[in-house]
Amino acid sequence: MAAKADRRTPLVVVGDALLDRDLTGSADRLAPDAPVPVVSECAERIRPGGAALAAYLAARDGREVTLITGVGDDPAGRALRELLEPWLNLVPLPLTGTVPEKTRVLAQNRPVVRLDRGGGRVREATDEARDVLRSARAVLVSDYGRGAADALRDALAARPPLVWDPHPRGGPPVPGTRLVTPAEKEARGFAPSEARPGGLRAAALNAAALVRDWRVAAVTVTLGSRGALLSYGEHPLLVPAPAAHHGDSCGAGDRFAATAAGLLADGALVGEAVEGAVSAATAFVAAGGAAAVPPAGSDRALAALPDTDDPRALAARIRAEHGTVVAAGGCFDLLHAGHVGLLQAARRLGDCLVVCVNSDASVRRRKGGGRPVNPLADRVRVLRALACVDAVAVFDEDTPERLLGDLRPDVWVKGGDYAGADLPEAALLQEWGGQAVLLPYLDGRSSTALLARAAEGAR
């Protein structure tokens, strides 16, 4: 088994394991006999799914994990064991039928169709599973409605878990659970009918109703790219996502639940655990979702969760999808309407926009000792808040040529005030078939002019 971090509390995961399979290829034509895409040259990859994914993620974080789940000796069950056993302790429950399998067919990394098979359900609990739960220091329940949580409900009720991740086919969490983590749609389905209007208020009403109905300490409704809403029964806390991503969200709920359970096990407050889980799930989606999880046979640990996007990974992913990578650069010291117009126009030129911003030292060399007015961290945060900006990269040199060599954008954008000037980046982009372009700024807008007017007003 992989080495574990000494200070992390061991975690027991109870739930329903799935075997997930992705068939990824390309599609550039329709079938002659039906209006459906032809996906060719498919590469196959299997990975743990459901409760097995949550357990696997927690184990790859460096935590000692025990998974209690239904698994048999069918081909899917044997494949699942091979994926999991190098990383965690597996306590099998007897299964009626075969391990459920979920197969996604993807073209250009976008799902085309999903095929499900295998309706196995847990038949009964075992003495070994009950013994593990009695001695567990921290428990996560990932209930996909295939019998694992139901078979062990009495043992779970005796020692309520830290986190219960419910799904539509599963039952309610046991009373006393510390945190329940339904998605927005799941919360609507679980909550009383009078608490089902749409919008953020609906999420708050549903969460409060579920706290009371389930008799649990807290409910957090995950809201995708908007973050999560945490309720103890009233006055909910909205935890926003650090960035909005619209990539493959498969597995994000399992990432959220595994992170929240781990943080609570290590002593975090519920609010702190939800904040950490939102950041973890956001980074997970940004990295490509479950499809980007390292293979089970790999010793590569999961990357540390970043507080910003990885612009290089973003550019590589867009190129792999045959999209257009656009980059724009500048100091962006005092963000004004001219900057915003430029960046919005740049984003419309392709499928993602990476903004290359000068470091503080680079700005001082270019603009003088009084600049930048705003430090790098503030400039990056403001840029990342723009809907048209997908990622921000920082360079310390006077020009971003080294950074551009790493990103290899298809289009490099500069403001129109560079017209007539030499753009050293233009020759560089030609090396990989890219194009440098100038876009016009709004007339009369510049950071220097803003500073001059501010200084004049102060006098």
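Predicted model: local features only at pLDDT ≥ 70, side-chain atom pairs only at ≥ 80, totals over all residues.
Several elements of secondary structure take part: β2 (17-26), β7, β8 (110-117), β11 (163-166), α6 (184-190), α8 (252-265) and α9 (270-286) each provide at least two residues of the lining. Among the contributions to the lining, the largest share, 5 residues, is that of α9.

The protein chain as a whole has 459 residues, and buried residues make up 50% of them. The chain is arranged in 16 helices and 20 strands. Of the contacts in the chain with a separation of 6 or more, 66% are between residues 24 or more positions apart.

The structure contains 0 disulfides.

Helix α8, which supplies at least two residues of the pocket lining, includes Arg255. With a relative accessible area of 4%, Arg255 is buried. The side chain of Arg255 makes a polar contact with the side chain of Asp61, at 2.5 Å.

Strand β7, another element with at least two residues in the lining of the second largest pocket, comprises residues 101-107 and contains Glu101. Glu101 has a relative accessibility of 12% and so counts as buried. When neighbours within four places in sequence are left aside, the residues in contact with Glu101 are Leu19, Arg21, Ala76, Leu115, Asp116, Arg117 and Gly118.

Gly145 is located in the loop between β10 (139-143) and α4 (148-151). Although placed in a loop, Gly145 is buried, with a relative accessible area of 11%. Gly145 and Gly170 are separated by 25 residues in sequence, while their C-alpha atoms are 3.6 Å apart in space. Apart from neighbours within four places in sequence, Gly145 is in contact with Asp16, Arg121, Arg169 and Gly170.

Backbone angles were also examined. Most residues other than glycine have a negative phi. Arg215, which is not a glycine, has a positive phi, near 55 degrees. Arg215 is situated in the loop between α7 (200-214) and β13 (219-222). The relative accessibility of Arg215 is 59%, and exposed means over 50%, so Arg215 counts as exposed. A positive phi, of about 45 degrees, is also found at His235, again a residue that is not a glycine. His235 belongs to the loop between β14 (228-231) and β15 (237-239). Because its relative accessible area is 69%, His235 is exposed.

Key:
Residues numbered from 1 in each chain as written. Heavy atoms only, no water. Helix = DSSP H or I, 4+ residues; strand = E, 2+ residues; numbered from the N terminus. Buried < 20%, exposed > 50% of the residue type's maximum accessible area, 1.4 Å probe, protein only. Contact = heavy atoms within 4.5 Å. Disulfide = S-S within 2.5 Å. Polar contact = N/O pair within 3.5 Å; in protein donor to acceptor, adjacent residues only side chain to side chain.
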